[in-house]
Amino acid sequence: MSNPWTPLHAALNLPRGPLTYEHIVQAVSAGVVEEAGLDWKQELPQRGKVEETTKDIAAMANSGGGVIIYGVAESSGRAESVSHVSVMEAARLMILSAAASAQPMVQGMELHALPDSEGSDEGVVVAIVPGSPNAPHMVGQKHLYGAPVRNGPTTVWLDERAIERAYSERFTLRSSRNSLLVAMAEDLRDRLSLINGETWLVGVATPLAPLSRQSDLSRSEASELLNLGEGRSRKMIGKAAEFSWALGEVESLPAMLRVGRRRWVAETVYRDGPDSRSEDVHAELHHDGSIGLAIKTNPTYETVRFTRPQVPLDKESYKEILEGAVETFAADIVSLAFEAMRKSQNAGAYSLRIEAARDGNMPFVLVGLNRARAGWISEREVGQDPKGRTIPRFHPVESEIRPSDTEEDLVGIARSLALEIVEQFGTQSLHYLALSAAT
């Protein structure tokens, strides 16, 4: 199970973390009452009769998300007894079938079987339903559709005016999330050293739907998140790259994390002081589930244009972006965002954005290794492809990730982001993410 914070955690005063069968028994003993984000169900949906379950799931997704627990009998909304249901995979597939029956389908739902004892086929099933950026989800058949929502412990139907508002809120939410990403990137740039000719890749990510309940990250949780993101990124690349990972450069020991405004900050700062700025790498882990990441990408050594004869590139005329850093950075931002999504409560999908930061308006140039030369490749062979081009403006690239994304999906998203960047410079070659996806 991921590391959620649900209404049941709040009702039992539990710390953030996976729910267990013992937690459900404790909730029954305490007689925890249903609310907007918590629903008790005595039975699993039966084959051919998933309409009611589809309504329950859609209502939860339309109301900011929550948790549905199958295998608990209730009386007047109050948990009364553990009734036990099958925790076999076939039984859980009926719940997923119900989620897929909503229009649009409810994505990112997590199902967790909690047997009553080790090796048992019976227990309870926990369905964590994310707040959906695609609300309203409609349920029904043929032309008879309605939009259910939770009103406290009950489910009601939206009228036509409320459905109109719900659609308007969906489009407004997506626009506001994009504006938030832009503002986050601008805020992050203010923490970077740009006055000495540095060039940076800047990545930000945030939940498409705001979290229904925020819970501050502890130092140890923030450190763990950075380490998990780094491990996932290295696995995604699949081999040693010539250029370092942003997450690999960040000191993630809990004691080294700095307090920021509603966030933790990890950065490399060599000239410490009241006006210090990040020198090489900067990472931010926000308490609302958002994340930010930046890495300096311009090499300090000489670069050339791969022509015959080779011509040195004038560092006073161009802002360099390392080709290899583009791929590792795309892997980093996707990996860190995915880990943040897993740690957040009912976060649902995340929106991602990568852009470049510089001081001034000099054109960007993409430089990489001279792969046409056989044998040893040294730093002195770093330069611009003879068919490449400079660009006066870097176009930000964006994507989304979902809790249901597989390892292959995440690699594909990172590849797509990296390709959108390098294609701006007239190339379409990837050397690490492409190889990783093929193995």
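Is the crossing of H6 and H8 left-handed or right-handed? The crossing of H6 and H8 is right-handed; a crossing is called left-handed if the near helix is turned anticlockwise from the far one by less than a right angle, and right-handed if clockwise. The paragraphs below place this crossing in its surroundings.

The structure is a predicted model, in which local features need pLDDT of at least 70 and side-chain atom pairs count only at pLDDT 80 or more, while totals for chains, interfaces and linings use all residues. Residues are numbered from 1 along each chain as its sequence is written, and side-chain values use heavy atoms, with hydrogens and water left out.

The chain has ten helices and 23 strands. Helices (H or I, at least four residues) and strands (E, at least two) are DSSP runs, numbered from the N terminus. Of the 439 residues in the chain, 54% are buried. Buried means under 20% relative accessible area, exposed means over 50%, and partly exposed lies in between, with a 1.4 Å probe and protein chains only. A contact means heavy atoms within 4.5 Å. Among contacts between residues at least 6 apart in sequence, 71% join residues at least 24 apart.

Two strands pair if DSSP finds at least two bridges between them. Three bridges join S13 to S14 in the antiparallel sense, and Arg-258 has Val-265 in S14 as its bridge partner. Within strand S14 (residues 263-267) lies Ala-266, which counts as buried because its relative accessibility is 1%. The C-alpha atoms of Ala-266 and Leu-226 are separated by 9.2 Å, although the two residues are 40 apart along the chain.

A second open sheet has five strands in the order S18-S17-S22-S21-S19, and its pairing is mixed. Strand S18 (311-312) and strand S19 (319-322) stand at the edges with a single partner strand each, so one side of each is left without a neighbour in the sheet. Strand S17 (residues 304-305) pairs with S18 in the antiparallel sense over two bridges, and Val-304 has Pro-312 in S18 as its bridge partner. Helix H8 (residues 323-343) lies across S19 and strand S21 (364-369), running at about 60° to S19.

The packing of helices can now be considered. Two packed helices are described by the angle between their axes and the distance between the axes. The axes of H6 and H8 come within 8 Å and cross at roughly 135°. H6 and H8 are therefore oblique to each other; angles under 35 degrees count as roughly parallel, over 145 as roughly antiparallel, 65 to 115 as roughly perpendicular and the rest as oblique. Among the residues that meet are Leu-225 and Leu-226 in H6 and Ala-331 and Phe-338 in H8. By class, this contact of H6 with H8 has ten nonpolar, four polar and eight charged residues. Here Ala, Val, Leu, Ile, Met, Phe, Trp, Tyr, Cys and Pro count as nonpolar, Asp, Glu, Lys and Arg as charged, and the others, Gly among them, as polar.

H8 also packs against helix H9 (residues 407-422): their axes come within 9 Å and cross at roughly 140°. That angle makes H8 oblique to H9. The contact residues include Val-326 and Ala-330 of H8 and Leu-410 and Ile-413 of H9. They divide into twelve nonpolar, no polar and one charged.

Finally, some details of the backbone deserve attention. Most residues other than glycine have a negative phi, and most peptide bonds are trans. The peptide bond from Gln-103 to Pro-104, however, is cis, with omega near -10°. Ser-76 has a positive phi, near 55°, and is found in the loop between strand S3 (72-75) and strand S4 (78-82). Ser-76 counts as exposed, because its relative accessibility is 77%.

Note on methods. Axes fitted to C-alpha atoms, helices over the stretch in contact; angles between N-to-C directions.
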